[in-house]
Amino acid sequence: MMAFEIRTDMDGIDFDEVAGLLNGYGLSDLDSNTQRIVFERSYAKVFILDDGHVAGVGRALSDGICQASIYNIAVREDLWGQGIGKIIVDELLRQVEGCNVVLYTHPKHIGLYEHWGFKKLKTSYAHFQREEYFISQGFLE
Ligand SMILES: CC(C)(COP(=O)(O)OP(=O)(O)OC[C@H]1O[C@@H](n2cnc3c(N)ncnc32)[C@H](O)[C@@H]1OP(=O)(O)O)[C@@H](O)C(=O)NCCC(=O)NCCS
């Protein structure tokens, strides 16, 4: 793992690579410039660089005091299972320490966040754009 660089700022980050990673998993459909704005406006961000190239990302929205939400956790597929996803979530949680943290995950990844003690919400609601997509993918009733 030491060959990877963990970055929490955006200097020199290639947002074509960020957009490519997220869009490739269907986690987003934004172009790279819009993706840059999304990360700029996020309270916390993490980029894992492999030889200077984006190999993992994650971000959190937050007020920095009491509430936070995590989005866009993704690792390049050839690097899965090496603990990079864990490093990303650990680092985001560090940046929003002291906050209540909420997230929703892809139906394929239910269980993943139990590693950090996340529990299922019993009263959560979502008002999504592209609602049909979320229904078809099994996120929404
Ligand atoms: C989810 C994802 C980020 C995990 O990345 P990763 O680098 O392979 O994860 P790690 O190697 O750090 O694994 C962390 C832990 O979660 C577990 N885990 C990984 N994927 C899991 C899954 N789908 N369901 C349950 N547990 C999972 C691992 O076994 C590991 O546990 P361990 O420490 O007890 O061995 C990666 O699979 C990915 O990029 N998926 C596509 C993007 C995506 O759908 N992201 C949405 C997540 S909200």
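**Briefing: strands, domains and ligand shell of a predicted model**

Asn72 counts as buried because 21 C-beta neighbours lie inside 10 Å of it; the cut-offs are 20 or more other C-beta atoms within 10 Å for buried, 12 or fewer for exposed, and partly exposed in between, with C-beta atoms placed from the backbone. The structure is a predicted model, in which local features need pLDDT of at least 70 and side-chain atom pairs count only at pLDDT 80 or more, whereas totals for chains, interfaces and linings use all residues. Residues are numbered from 1 along each chain as its sequence is written. Helices (H or I, at least four residues) and strands (E, at least two) are DSSP runs numbered from the N terminus.

- Asn72 lies in strand 4 and has a positive phi of about 55°, although it is not a glycine.
- Most residues other than glycine have a negative phi.
- Asp51 is likewise not a glycine and has a positive phi of about 55°.
- The position of Asp51 is the loop between strand 2 and strand 3.
- Asp51 counts as exposed because it has 8 C-beta neighbours inside 10 Å.

**Strand pairing** 

- Two strands are taken to pair if DSSP finds at least two bridges between them.
- Strand 1 (residues 4-7) and strand 2 run antiparallel and are joined by 4 bridges; in this pairing Glu5 stands opposite Leu49 of strand 2.
- Strand 2 (residues 44-50) is joined to strand 3 by 7 bridges, and the two run antiparallel.
- Strand 3 (residues 53-62) pairs with strand 4 in the antiparallel sense over 6 bridges.
- Within that pairing, Val57 has Ala74 of strand 4 as its bridge partner, while Arg59 stands opposite Tyr71.
- Strand 3 and strand 4 also form a hairpin, with 4 residues between them; Gly64 in its turn has a positive phi of about 75°.
- Strand 4 and strand 5 (residues 100-102) run parallel and are joined by 3 bridges; here Ala68 stands opposite Val101 of strand 5.

**Burial and crossover**

- A right-handed β-α-β unit is made by strand 4, helix 3 and strand 5; right-handed denotes a path from the first strand over the helix to the second that runs clockwise with the strands pointing away from the viewer.

**Ligand shell**

- The shell around the ligand holds 19 residues, of which Trp80, Ile84, Gly85, Lys86 and Thr105 come nearest; a residue is near a molecule if its C-beta atom, placed from the backbone, lies within 6 Å of it.
- Strand 4 (67-75) and helix 3 (84-95) are the elements that give two or more residues to this shell.
- By class, the shell has 8 nonpolar, 9 polar and 2 charged residues. Ala, Val, Leu, Ile, Met, Phe, Trp, Tyr, Cys and Pro count as nonpolar, Asp, Glu, Lys and Arg as charged, and the others, Gly among them, as polar.
- Domain 1 and domain 2 each supply at least three residues to the shell.

**Domains and their contact**

- The domain assignment gives domain 1 (4-103) and domain 2 (105-141); such bounds come from an automatic or database domain assignment.
- The centres of the two domains, taken over C-alpha atoms, are separated by 18 Å.
- The contact takes 5 residues from domain 1 and 5 residues from domain 2, where contact requires C-beta atoms, placed from the backbone, within 7 Å.
- On the side of domain 1 that touches domain 2, helix 3 gives the largest share, 3 residues.
- That side of domain 1 has 4 nonpolar, no polar and 1 charged residues.

**His127**

- His127 is found in the loop between strand 5 and helix 4 (131-136).
- His127 counts as exposed because it has 5 C-beta neighbours inside 10 Å.
- From C-alpha to C-alpha, His127 and Lys45 are 24 Å apart in space, and they are 82 residues apart in sequence.

Note on methods:
Contact = placed C-beta atoms within 7 Å.
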